[in-house]
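Where does a protein leave empty space inside itself? Rolling a probe the size of a water molecule over the atoms shows where such space is left.

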Amino acid sequence: MTSSPPRPAAADARPRIALPADDEDVAALRRALVAKLTYAVGKDPIVASQHDWFVATALTVRDRIVDRWFRSTRAIYEQKPKRVYYLSLEFLVGRLLGDSLNNLGLTESMRAALAELGVDLERLRQIEPDQPLGNGGLGRLAACFMESMSTLAVAAYGYGIRYDQGLFRQQIKNGWQVEAPENWLASGNPWEFERPEVLYHIGFGGHVERVEDADGVGRHHWRPAETVEALAYDTPLVGWRGRHVNTLRLWTARAPDPLGLEAFNRGDYIGALAAQSRAQTISQVLYPSDETPAGEELRLRQEYFFCSAALQDILRRQMEQNDGDVRGLADNVAIQLNDTHPAIAIPELMRLLVDVHGVEWDEAWTIAQATFSYTNHTLLPEALEHWAVPLMERLLPRHMQIIYMINALHLDRLSAQDRIGEGELGAVSLIDESAGRKVRMGWLSFIGSHKVNGVSALHTELMRQTVFSTLNRLYPDRIVNKTNGITFRRWLMEANPGLTRLLVDTVGAKVLDDPMALEDFSAFADDAAVQARFAGIRHDHKVHLARLISERLHVRVDPGAIFDTQIKRIHEYKRQLLNILETIALYDAMRAQPTRHWTPRVKIFAGKAAASYHRAKLIIKLINDVAQVINSDPTLHGQLKVVFLPNYNVSLAEAIIPASDLSEQISTAGMEASGTGNMKFALNGALTIGTLDGANVEIKQRVGDDNIFIFGMTAQEVEARRRKGPGARDLVAASPVLRQVLEQVSSGVFSPSEPGLYRDFVESLLDYDHFLALWDFAAYYETQRAVAERWHDQKGWWRSAILNTANMGWFSSDRTIREYAEDIWNVPVLKT
């Protein structure tokens, strides 16, 4: 059994890296805390609960943010820079107390003020609920970008939906994922401001009339059959050192008439609330199941709801600040579409410009294209969104007319210029006629934007070659790359203050402001004392995580083992299946050779499957079934453990990532657009095991081949394999290790109470392994053995860990936002 890494005598998992407490600040904060507790929360300190103290603390911090928010807003109105509006269906901001205190430089002063009142800051941070307004990378990226835009003083708004229940609270019952409401607003949200005066009407259904004005000019007038109201809630998001604050504006839906009084007085109490209930469903849940027609319609209603509210708000602000002018919109506004969810904003802006504000079509289209840019996050066809034409015609009849017009002019222009053959028109049409008429929202996003960006170098090149190949040939300068990034304030300073202290002590305080200063840490890669201190910091985080695992799962794990982690959305292309199959193979090998000196390992999984994604949910069940068998086997002597931590969120990630030794980034090559978890792990010194996919390629280039474990097929090899046929029966027959693993799964070794549970699943894999988990198994298995060997060389391991951290500065979201600002949005960094 490998011993745990060396620890310095005084290693501290959470040293204080913020500005030291200032006596005057402490006194002022103490007074403010008591005042907020008394007059805003309405509690006497003698009887106040921990939650009461949390609310008082959040409100006290919010006051400090508001002062800076007003200064930032005044500066924007005075200097009139071009504004950025970031439209995203997800904003996964997590908890805000620690983030805000850190960026304001108030952490230690607040800690001291609360301590004088007998309250522990860390306990309050744990009380705050995560804001569950996202499902992983897309929403977390949006949150990182909002924080970086505030840090860089880019004048920006984020627009999304204030989901009452978020995505869902994941529970694991008998190994299965069960979805429950995530009632994060049950005790209110102290960070937000309701804006009852910011209210817009959003229409659905109805019909379109053509009317002529006094001059005989025809205009279209949409008469919706149903109207809901969009009510704004604002959250100020403060940047690093409190220099600038931007606004996250989220919309909630309600009926114009919340109570049908006539029906109520007739005794139809349920019917009296029907309109309100129907409206409120729009902002209840993120990603409702779309297995039913009603669910599919609700998804479209959500997307149009927040896009229309955002655009009405943007145009109102544009007109107020520019003497009623809408024609200069593109000079003053940049709108970024975060994936295809907000694509409906393109025809909505055309409707508002043409139908409401009287702008001629050609001019309106020029304005729209110059205003919009689009970030593509996936090459998966199902994720690009296709809406059935009949649904669009019924729910958004005017927008369907506008899409037809955009498409006709687009195809006519290409044909007139002889830029495309007759047989290629279908490939670039906004309407997919192949299997029922559907609107291609990815194509609409491409045509309606002046720039389209991928989120890693590989992903961008694959966009050009695959999903948008014909469009890229026609518009060769439109697709650009903007590799994703992460905010180091959240994922280093907050999540790993011990490592941050080590960086400050070795590199200097400049590392807090300049991510590229991390490069200087490379000089300490062979320093034994720095290695020991890094190892001690990691060990303390592993002890903390081991305690959390014990509390939540009643499983004891060894902090001296390799913490081997895969935490992300559960999807077949992310290949949690490959991970658990290799785990079974390792289990078999350990039982077959019980006297061998095995490297202790803890396999850590977390992530949610979409409510209607049954195969992904079956993979969660398999992971938990395997965990049950392995964790109960006394012959292993605790050298292999498997845990699935339920209800993965930002706060759980902050606990897991700094404690992880190995980062699993094992998606099928060519299918992960970028990934940002890979960056977070590497920044914290975890070594990556992964395929040449997404940003793994760029991480490999920066950390060096010797400091990352790469395996498996390339994107080109994946495509070639699929063309030959991904059936794997012959492959498995030739692999005794893999054959035994699949026979165990199929025969019910891990599901004795339901022996046939996985039989059809295994058979389908053998016939059609689309994500090539079986084809990459051998390479993955051998690479995992190389990981175990490297772990025995602790000096080499920690050298690689230091070099990973040192070479991650380029992956800061500050760098990404600077590139967007310069190359796509054409916006300045605001001087405040």
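The model is predicted.

**Cavities**

The structure holds five cavities of 30 Å³ or more.

| Cavity | Volume | Lining residues by class |
|---|---|---|
| Largest cavity | about 130 Å³ | eight nonpolar, two polar, four charged |
| Second largest cavity | about 70 Å³ | one nonpolar, eight polar, five charged |

Take the largest cavity. It is lined by 14 residues. Closest to its centre are Leu 96, Asp 99, Glu 147, Leu 237 and Arg 490. Which elements supply at least two residues each to this lining? They are helix H3 (97-104), helix H6 (137-151) and strand S8 (226-238). Eight of the lining residues are nonpolar.

Now the second largest cavity. Its lining also counts 14 residues. Lys 568, Gln 665, Ile 666, Ser 667 and Glu 672 lie nearest its centre. Here the lining has one nonpolar residue, with eight polar and five charged ones.

**A three-stranded sheet**

Three strands form an open sheet. Their order is S12-S14-S13, and the pairing is antiparallel.

Look at one pair in detail. S13 and strand S14 (residues 438-440) pair over two bridges, in the antiparallel sense. Ile 431 stands opposite Val 439 in S14.

Conventions
Residues are numbered from 1 along each chain as its sequence is written. This is a predicted model: local features need pLDDT of at least 70, side-chain atom pairs count only at pLDDT 80 or more; totals for chains, interfaces and linings use all residues. Side-chain values use heavy atoms; hydrogens and water are left out. On a 1 Å grid over the protein atoms alone, a cavity is a set of points where a 1.4 Å probe fits but cannot get out, and a pocket is an open set with protein on both sides within 12 Å along at least five of seven lines; lining residues have an atom within 4 Å of a point. Grid points are joined across faces, edges and corners, and a volume is the space filled by probe spheres set on the points. Helices (H or I, at least four residues) and strands (E, at least two) are DSSP runs, numbered from the N terminus. Ala, Val, Leu, Ile, Met, Phe, Trp, Tyr, Cys and Pro count as nonpolar, Asp, Glu, Lys and Arg as charged, and the others, Gly among them, as polar. Two strands pair if DSSP finds at least two bridges between them.
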